[in-house]
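Morning, everyone. Have a look at the model on the screen, and then I'll walk you through its packing.

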Amino acid sequence: MPRDKDLKRLVRARMRKTGEAYTAARAHIIKKPRTKTVSKAAAPRVSAAAKIDFAALAGTSDATIKAKTGCTWERWVHALDHYGADKMSHRDIAELVSKKYKIDGWWSQTVTVGYERIKGLRARGQRRDGTYEANKSRTFDVPIATLFEAWADAGTRRRWLDGESVKVRTATAPKSMRLGWSDGSIIAVGFLPKGESKSAVAVQHTKVPDRETADSLKKYWTDRLDALGEILLER
């Protein structure tokens, strides 16, 4: 805004040029320039959610998560944000998903981990405590009881683990198992029936110190599950 003397000088100059009264000339000089607006109809509509590929961040497709849980990733993020899940521990989020939305353990963990990845609480392969994990899964043409027994029986297990010594911490036949590794890391194993003569195993090797070790363990478990498949063919 010009000072008073400068403003008066500008007003009088405009009066001489246009013949306007003092009030009209002054109003014209001090008015603010109008800002060009864009109508809502003309403005492009860009959804905030459209900018984020939730499925890519979560590591599971929208089609799969909707088929198994009834919701897409966008809806899960909206629902869990409502309860402030991004401030919760992993255990509390999983419990919320399981109890509030009646999602089974396997898929409640998938939703929880996917949500944590989307919210930036963990990287792919990383846990909330900063350690990493290696995950592998495989489907075999055997009943779930046969697959579980190949893990539970120490003699059979040593054959396809190539002599690696592990300790069974807990086991719930034929659903899950936790193994203690020689270096202190933990292997969580889940078993899932795929019909009467087919079943799947999911291996989650946790407490891994860094991404490089996790990548190495992924290759290790790929090889070991190949060996397990050969053992199962003998049965």
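Buried here means under 20% relative accessible area, exposed means over 50%, and partly exposed is in between, with a 1.4 Å probe and protein chains only. Helices (H or I, at least four residues) and strands (E, at least two) are DSSP runs, numbered from the N terminus.

Two notes on the source. This is a predicted model, where local features need pLDDT of at least 70 and side-chain atom pairs count only at pLDDT 80 or more, while totals for chains, interfaces and linings use all residues. Residues are numbered from 1 along each chain as its sequence is written, and side-chain values use heavy atoms, with hydrogens and water left out.

Start with helix α6. Which of its residues are buried? Ile93, Ala94, Leu96 and Val97. They span an arc of only 155 degrees around the axis, so they sit on the same side of α6. That arc is taken from the directions from the helix axis to the C-beta atoms. Turn to the face away from the buried side, and you find exposed Arg91 and Lys99. What covers the buried residues? The cover includes α5 (73–82) and α7 (105–118). Contact, by the way, means heavy atoms within 4.5 Å.

Now the length. α6 runs over residues 90–101, 12 residues, and reaches 16 Å from first C-alpha to last. That is close to the 16 Å expected at 1.5 Å a residue; the expected span is 1.5 Å times one less than the number of residues. After α6 comes Lys102, with a positive phi near 55 degrees.

On to the cores. A nonpolar core is a set of buried Ala, Val, Leu, Ile, Met, Phe, Trp, Tyr and Cys residues joined through side-chain atoms within 4.5 Å. The largest one has 29 residues. Those with the most contacts inside it are Leu147, Trp151, Trp160, Phe191, Val201, Trp221 and Leu228. Two or more residues each come from β1 (132–140), α8 (144–152), β3 (176–180), β4 (186–193), β5 (199–208) and α10 (211–233). The most come from α10, with 8.

Look at Leu228. Leaving out residues up to four places away in sequence, Leu228 touches Phe140, Leu147, Ala150, Trp151 and Trp160. A second, separate core has 18 residues, including Ala55, Ala58, Ile93 and Val111.

Back to α8. Its buried residues are Ile144, Leu147, Phe148, Ala150 and Trp151. Seen down the axis, they fall within an arc of 155 degrees, so they line one face of α8.

Last topic, the rings. Rings of Phe, Tyr and Trp (its six-membered ring) pair if their centres lie within 6.5 Å; planes under 30 degrees apart are stacked, over 60 edge-to-face, the rest tilted. How many aromatic pairs does the structure hold? There are 8. Trp151 and Trp221 have ring centres 6.0 Å apart and planes at 15 degrees, so this pair is stacked. Trp151 is in helix α8 and Trp221 in helix α10, 70 residues apart. Trp151 is buried at 0% relative accessibility, and Trp221 is buried at 1%.

Next, Trp181 and Tyr220. Their centres are 5.9 Å apart and their planes at 80 degrees, so this pair is edge-to-face. Trp181 is buried, at 11%, whereas Tyr220 is partly exposed, at 22%.

Finally, ring pairs link Phe148, Trp151, Trp160, Trp181, Phe191, Tyr220 and Trp221 into a cluster.
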